[in-house]
Amino acid sequence: MTSSAEQKNSDRAVRAADGARAADGARAADGAPGDGAVRDAGGARGGGGARGGARAEADRSDGGALWGGMPRWLPRAMVLFLVLVGLFQLADWAFRQLIDLFVMLLVAFFLSLALEPAVDRMAARGVRRGVGTFLVFVAVGVAVVGFLAALGTLLVDQVAKIAGDLPHLVDNLIGWINRTFHQDLSLGELQKKLLKDSGTIENYAQQAADNVWGVSSTVIGGLFQAFTVGLFTFYFTAEGPRVRRTVCSLLPPAKQGEVLRAWEIALAKTGGYLYSRALLAVVSAAGHWVVFALLDLPYSAALAVWVGVMSQFVPTIGTYLAGALPVLVALTVQPVDALWVLVFVIVYQQVENYLLHPRITARTVDVHPAVAFGSVIAGAALLGAVGALIAIPAAATLQGFVGTYVRRYEVATDPRIDRGEQRRARRELRREAARRLRRMVGGDGK
């Protein structure tokens, strides 16, 4: 067998030599280097064959073998990059399409947090959660419908009054223009100009009709969104324990307690915010109703409810909107009454800010006014009006959750912190000494 293997190797060597001679002959015919150069080059290649084989093996082991002048990993990396970019674009498009749904879910969640304490109390007395949630919804719906009915009656009455007084108001306006600008206008000339420009008026009417159609579609869309929010709120409230159990089942046992603690804080803060605001609205409506009735304003009860609701449930600008309407109504009756209404609104706002509001919200939503104002601005910037409405309970929830885990230390009395406290303490000591001296002098006199 050994001789046979040697014979095979010898035959391979002979065939390789014949092939090399044939190649040399072809290169010699073409003017290529001769046999000596080829042999020299062959020797050089033979000397570097081991190194070349080692480099080729290293390239193959490192994955750096060339395929058409390109590394093998580059096409796969390009395809993976394009797939990731496509997935990101798809996720961004889906998020933009569903942003309205996410906002409605967020609003429904906070509303369910506000309504769930009342449902829990009813469930503790044996009422089924679905029935209790329905009763709470009915109560809230009756309150909202009553408010809108009172406001609608007031608005219709004022519009009818303005329409009835419109000719008189137009005559007064024409007289003021004639006296101020030395003109000679009359109602007949104005009517002729209006008839002359009937084409322009028709265009305005057409634009108004188009706007009415747009407003109608907006109202329909708003009603659909309100229905969607109400439906999710009902499910979140009626299925509150099941929702919490489902969320906790997705988390390990070590994290479930943290989620439940945050949920309880959100329930307490959001429910406390709603109930404290409702109590402040009742007190405000009662106080304003007494004053409006004494001034004999029309629809004093409706105006009082408007002031109570708007000043408490519309952040930041609610107070100004609340006071503007009764002032305008009072102007149509007696200008002096408008002044008295404005004075009372301002005075009551100060009493509420410094006396009623701190006492009522001390145990429910203990949020600093600056924090509340900043949270409203941030919520409005993120989610518009919806963000402004839920900003304060969200800030109270975050503050309560952070306060549970942030450890606080007692701070020693230091004049660099409490500037003016020592002076105030000395002033209190002097006042106390003066009171004692007066009591002693009064006792001696007796």
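## Voids, salt bridges and ring pairs

S284, H288, V307, S311, Q312, T319, A322, G323, V345, Y348, Q349 and E352 line the largest cavity. This is a predicted model, so a local feature needs a pLDDT of at least 70 and side-chain atom pairs count only at pLDDT 80 or more, while totals for chains, interfaces and linings use all residues. Residues are numbered from 1 along each chain as its sequence is written, and side-chain values use heavy atoms, with hydrogens and water left out.

A cavity here is a set of points on a 1 Å grid over the protein atoms alone where a 1.4 Å probe fits but cannot get out, and lining residues have an atom within 4 Å of a point. Grid points are joined across faces, edges and corners, and a volume is the space filled by probe spheres set on the points. The search turns up 1 cavity of 30 Å³ or more, and the largest cavity holds about 60 Å³ of space. The elements that give two or more residues to its lining are α10 (253-294), α11 (300-313), α12 (318-333) and α13 (335-361). Helices are DSSP runs (H or I, at least four residues), numbered from the N terminus. Which helix gives the largest share of this lining? That's α13, with 4 residues. By class, the cavity lining splits into 4 nonpolar, 7 polar and 1 charged. For these classes, Ala, Val, Leu, Ile, Met, Phe, Trp, Tyr, Cys and Pro count as nonpolar, Asp, Glu, Lys and Arg as charged, and the others, Gly among them, as polar.

Now for the open space. A pocket is an open set of points with protein on both sides within 12 Å along at least five of seven lines. The largest pocket has a volume of about 2,000 Å³. It is lined by 49 residues, and the closest to its centre are L111, V144, L274, F313 and L389. At least two lining residues each come from α4, α5, α8 (198-238), α10, α11, α14 (369-383) and α15 (385-405). The lining of the largest pocket has 40 nonpolar, 8 polar and 1 charged residues.

On to charges. Side chains of opposite charge can pair when their charged atoms come close. A salt bridge is a side-chain nitrogen of Lys or Arg within 4 Å of a carboxyl oxygen of Asp or Glu, and the structure holds 8 of them.

| Salt bridge | N to O distance |
|---|---|
| R129 and E116 | 3.5 Å |
| R435 and E432 | 2.6 Å |
| E432 and R436 | 3.5 Å |

For reference, buried means under 20% relative accessible area, exposed over 50%, and partly exposed in between (1.4 Å probe, protein chains only).

R435 and E432 both lie in α16 (residues 421-445), 3 residues apart, about one turn of the helix. E432 and R436 are 4 residues apart in α16, again about one turn. R435 is partly exposed at 34% relative accessibility, and E432 is partly exposed at 27%. Elsewhere, salt bridges that share partners join E116, D120, R129 and R244 into one network.

Last, the rings. A pair of aromatic rings is described by the distance of the centres and the angle of the planes. Rings of Phe, Tyr and Trp (its six-membered ring) pair if their centres lie within 6.5 Å; planes under 30 degrees apart count as stacked, over 60 as edge-to-face and the rest as tilted. The whole structure has 7 aromatic pairs. One of them is F95 with F102, a tilted pair at 5.7 Å centre to centre and 40° between the planes. F95 is partly exposed at 45% relative accessibility, and F102 is partly exposed at 35%. F109 and W263 form an edge-to-face pair, 5.7 Å centre to centre with 80° between the planes. Because F109 lies in helix α4 and W263 in helix α10, this pair ties together parts that are 154 residues apart in sequence. F109 is partly exposed at 27%, whereas W263 is buried at 12%. F109, F110 and W263 form one aromatic cluster.
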